[in-house]
Amino acid sequence: MASDRWEPVAFKARVDDVLHRFVAQEADRFTEIDAALGPVAEQLEAAVADGKRLRAAFCYWGWRAVGQPDNDALVRAAASMELVHAAAVVHDDLIDDSPLRHGRPTAHVALRSALRRRPRAAGAARSLAMLVGDLLMGLAGQLFATSGLPAAYLARARPLWSVLTRELVAGECLEILRTGADPDLTDSLKVIRYKTAKYTVEQPLLIGGALAGAGERLREGYTAYGLPLGEAFQLRDDLLGLFGSPGTTGKANADDLRGRRPTALLAETWRVAGEGERRQLRTILGRRDVGEDGLHTVREVMRRLHAPDRIEEMITARVDEALDALHAVDVPAPATHALTALARSVTVRLS
């Protein structure tokens, strides 16, 4: 990146190049063990084929906001955040039994084709997908450690990896534990914070900052900016999941309803719903065959109760909180511009 101007398309291309080369090499090494591992290796590469590279961007600007210059080794370290995300996505799709991601079959669905003549092929495919996710998490640590940054820089950031992993797994566990219970907004927001917000924005910023030697006040600013923005990102994702176009989101609209997941959108709907509306929702939530009629019913209940409008208000309030926190810390102008642009882009309406 030759200038201080934030160019997201150019940055994404740099991260894509790192990821695609690194994972392709690792996939080749994997299949050298045995050719039968080919379908699993293909899913490693598929896991990094797409993505906005937001987590890498936040890590990069966590570094640059300290005053450090652009650095190819830093881009490699930042790209490792995307492997954490890829691992989380494979595991999340497996837990939620989601059939699609980015408009393509998820790993546990795609791997069934390699096992179609085997007994219990679906269960075996799920096991393989779990291992794909595990391997991606291991590769994230490898890419970070071999990024080319000085060992002293890496040592400053290494403790944050255990925090990132612990909080991400805790969020996923909380979602599983609370799935199927009567929706509760406080519980849903806690799941959002730990499952998504922290590893999407806050932790990448803190890791980038730690690599660069950020001071305590700046680290506090990263948290004050990153947590509300990460929550706003997931709130937008929940809205798009139910009301967005599958052609844009790459996911089925009814996934959250089938899984009866504890989204904030559902929790806010439940909070203001009367007994009759709750009865309507109970007949649909958790059904495998939600269908267009069930989807339409839930959407109409939500609209009638103005739940999507209140989620929009929550998104706006969190973006404003994040930007106020950003402007309260002293960082170079290019970092302020980039982090402001990222705050807008990660919460934009897509439909």
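A residue is called buried here when its relative accessible area is under 20%, exposed when that value is over 50%, and partly exposed in between, using a 1.4 Å probe and protein chains only. The model is a predicted one, so to speak of local features takes a pLDDT of at least 70 and side-chain atom pairs count only at pLDDT 80 or more, while totals for chains, interfaces and linings use all residues. Numbering runs from 1 along each chain as its sequence is written, and side-chain values use heavy atoms, with hydrogens and water left out.

A nonpolar core means a set of buried Ala, Val, Leu, Ile, Met, Phe, Trp, Tyr and Cys residues joined through side-chain atoms within 4.5 Å. The largest such core has 103 residues, and F58, L83, I207, L211, Y225, L229 and L342 have the most contacts inside it. Helix α4 (residues 72-96) gives this core its largest share, 13 residues; helices (H or I, at least four residues) and strands (E, at least two) are DSSP runs, numbered from the N terminus. In soluble globular proteins, nonpolar side chains tend to be buried together. Take Y225: setting aside neighbours within four places in sequence, Y225 is in contact (heavy atoms within 4.5 Å) with F58, V201, L205, A322, A325, L326, L339, L342 and A343.

Charged pairs come next. A salt bridge puts a side-chain nitrogen of Lys or Arg within 4 Å of a carboxyl oxygen of Asp or Glu, and the structure holds 26 of them. One of these joins E167 to K198, with the closest N and O atoms 3.5 Å apart. Since E167 sits in helix α7 (residues 151-178) and K198 in helix α8 (residues 185-212), the pair ties together parts 31 residues apart in sequence. E167 counts as buried at 14% relative accessibility, and K198 is buried too, at 9%.

R318 pairs with E231 at 2.9 Å between the closest N and O atoms; R318 lies in helix α15 (residues 307-327) and E231 in helix α9 (residues 216-243), so parts 87 residues apart in sequence are tied together. Both R318 and E231 are buried. R236 and E312 also meet in a salt bridge, 2.9 Å from N to O. Here R236 belongs to helix α9 and E312 to helix α15, so this pair ties together parts 76 residues apart in sequence. R236 is buried, as is E312. Elsewhere, K12, D16, R53 and E82 are linked in a network of salt bridges.
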